[in-house]
Amino acid sequence: MTTSEKPIADEAQDELAALDALEKEASEFNKDAEIDRILKAFRLDAYAVLNLQPGVPDSQIKIQYRKLSLLIHPDKTANPSAPNAFDRLKKAQTELMDPKQRTHLDECISDARMLLIRDHKLTVDSPEVKEPNREFIEAWRKKTVEVLVDAEARRRKQLKAQLQEEGREQRKQDEEVAERKRRREHEVKWEESRENRIGSWRDFKNGAAGGPAKGEGDGKQKKKKLKVLG
């Protein structure tokens, strides 16, 4: 390699290194942006956390989760919020793969749509409903948040009432157990004192059957006969 060719090679190497640095920086920027998006997404809406539209098939949920989990995995980024974002992502995927939880979420989203139609005095055949624009979609998302918050409040209230009822039932059972224990202890003590009671009764009976002591009478004394002189 000639002297003139060497600087050209060095420049090319520097450009490649610069491009690698830019790609790495862009990659980190994408990771940070996605972590920020996940943490800002409404956590009760698993679709929003995974950045998916309602009604997508299970296969799409799995693909999206794998793509995002690889992007923000705590082992592949220095972002301190990565573990929290990763946990939320995993929780959202688990909820959508659970038929019962996904059905509940879909029902809340559907209820939000119907409430929005009613509030705006629309019908299911209205143009903005059949082909929703950005404004309608944004309003729908806000209404979905309200419905989900209300549903969660009811769930927690029911759970609290259930726990209180279970607590009352548990206290009742504990009191019944304690009462049975007191009865058993009383019966054991009663049985243990049985011999003493029987012995005392026998002593009492024997004393009553012996009669008055010798020399004791009914208080009457026999009169001595007087001898007649003469």
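The salt-bridge count for this protein comes to 14. The model is a predicted one.

Glu28 is partly exposed, because its relative accessibility of 29% lies between the limits of 20% and 50%. Lys31 has a relative accessibility of 10%, under the 20% limit, and therefore counts as buried.

A second bridge pairs Arg182 with Glu179, at 2.5 Å from N to O. Both side chains belong to helix α7. Here too the spacing is three residues, about one turn of the helix. Arg182 is partly exposed, at a relative accessible area of 48%. Glu179 is also partly exposed, with a value of 29%.

Salt bridges with shared partners also build a network, which joins Arg118, Asp119, Lys143 and Glu146. Within this group, the side chains of Lys143 and Asp119 meet at 3.1 Å, N to O. Lys143 lies in helix α7 (residues 134–192) and Asp119 in helix α5, so this pair ties together parts that are 24 residues apart in sequence. Lys143 counts as buried, since its relative accessibility is 15% and the limit is 20%. Asp119 is partly exposed, at 39%.

The protein has eight helices and zero strands. From the N terminus on, its elements run α-α-α-α-α-α-α-α. Of the 230 residues in the protein, 20% are buried. Among contacts with a separation of 6 or more, 62% come from residues 24 or more positions apart.

The packing of helix α4 against helix α5 was examined next. Helix α4 spans residues 82–97, and helix α5 spans residues 99–119. Their axes come within 5 Å and cross at roughly 90°. This angle falls in the range of 65 to 115 degrees, so α4 is roughly perpendicular to α5. On the α4 side, the contact involves Glu95, Leu96 and Met97. On the α5 side, Pro99, Gln101, Arg102 and Leu105 take part. By class, this contact of α4 with α5 has four nonpolar, one polar and two charged residues.

Helix α3 supplies a further position of interest. Arg66 is found in this helix, which covers residues 58–72. Arg66 is exposed, because its relative accessible area of 56% is over 50%. Leu89 stands 23 residues from Arg66 along the chain. The C-alpha atoms of Arg66 and Leu89 are separated by 9.9 Å.

Asn79 lies in the loop between α3 and α4. Although in a loop, Asn79 counts as buried, with a relative accessibility of 17%. Its side chain makes a polar contact with the side chain of Asp32, at 2.9 Å. Leaving aside residues up to four places away in sequence, Asn79 touches Asp32 and Ile35.

Asn51 is found in the loop between α2 (46–50) and α3. Asn51 is not a glycine, yet its phi is positive, at about 60°. Lys121 lies in the loop between α5 and α6 (127–130). Lys121 likewise has a positive phi, of about 55°, and is not a glycine. Lys121 counts as exposed, because its relative accessibility of 76% is over the 50% limit.

Technical notes: Residues numbered from 1 in each chain as written. Predicted model: local features only at pLDDT ≥ 70, side-chain atom pairs only at ≥ 80, totals over all residues. Heavy atoms only, no water. Helix = DSSP H or I, 4+ residues; strand = E, 2+ residues; numbered from the N terminus. Buried < 20%, exposed > 50% of the residue type's maximum accessible area, 1.4 Å probe, protein only. Axes fitted to C-alpha atoms, helices over the stretch in contact; angles between N-to-C directions. Parallel < 35°, antiparallel > 145°, perpendicular 65-115°, else oblique. Contact = heavy atoms within 4.5 Å. Nonpolar A, V, L, I, M, F, W, Y, C, P; charged D, E, K, R; others polar. Salt bridge = Lys/Arg side-chain N within 4 Å of Asp/Glu carboxyl O. Polar contact = N/O pair within 3.5 Å; in protein donor to acceptor, adjacent residues only side chain to side chain.
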